[in-house]
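Subject: Structure for you, with notes

Hi,

Here is the structure I promised to pass on. Please open it alongside this email, and have a look before reading my notes.

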Amino acid sequence: MEIPKLGAEAATKAIDEWAQPKSRITHLVFHSTLGTVMPGVDYQLIKLLGLNPSVKRCMFYQLGCYGGGTVLRLAKDLAQNNPGSRRI
């Protein structure tokens, strides 16, 4: 499936721009209008990026355009309410 690969490519660019070690990543928020797959895209993305499996993951499936706004709000809330965090 190409979705995890595209997500990993975009996340890698953001992580490089951030210029911090991947070990500082604590949360992953992901949305897809593609059907549910197993293992989940969040798990596949963690593996592709080489992140610690303890990273907290939030997945949203089949929410259409509404899901895009939802994940942005969630990421913003996570970043604002967890000292030292940053959205990628």
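Below is what turned up, beginning with a helix pair.

A word on the basis: this is a predicted model, in which local features need pLDDT of at least 70 and side-chain atom pairs count only at pLDDT 80 or more, while totals for chains, interfaces and linings use all residues. Residues are numbered from 1 along each chain as its sequence is written, and side-chain values use heavy atoms, with hydrogens and water left out.

**The helix pair**

Helix α1 (residues 3-18) and helix α2 (residues 41-49) have axes that come within 9 Å and cross at roughly 50°. Axes here are lines fitted to C-alpha atoms, for helices over the stretch in contact, with angles from 0 to 180 degrees between N-to-C directions. Helices (H or I, at least four residues) and strands (E, at least two) are DSSP runs, numbered from the N terminus. The two helices α1 and α2 are therefore oblique to each other; angles under 35 degrees count as roughly parallel, over 145 as roughly antiparallel, 65 to 115 as roughly perpendicular, and the rest as oblique.

On the α1 side, the contact (heavy atoms within 4.5 Å) is made by Ile3, Pro4, Lys5, Gly7, Ala8, Ala11 and Thr12, and on the α2 side by Val41, Gln44, Leu45, Leu48 and Leu49.

**The core**

The largest nonpolar core has 15 residues, and Ile25, Leu45, Leu49, Leu51 and Val55 touch the most other members. Such a core is a set of buried Ala, Val, Leu, Ile, Met, Phe, Trp, Tyr and Cys residues joined through side-chain atoms within 4.5 Å. Two or more of its residues come from each of α1, β1 (27-32) and α2. Leaving aside neighbours within four places in sequence, Val55 is in contact with Ile25, Thr26, His27, Leu28 and Ile46.

Trp18 sits in helix α1 and counts as buried, at 14% relative accessibility. For reference, buried means under 20% relative accessible area, exposed over 50%, and partly exposed in between (1.4 Å probe, protein chains only). Ala19, in the loop between α1 and β1, is exposed at 60%. Its phi is near 60°, a positive value in a residue other than glycine. Most residues other than glycine have a negative phi. Leu63 lies in the loop between β2 (56-61) and α3 (64-81) and is partly exposed, with a relative accessible area of 31%.

Happy to talk any of this through.

Best wishes
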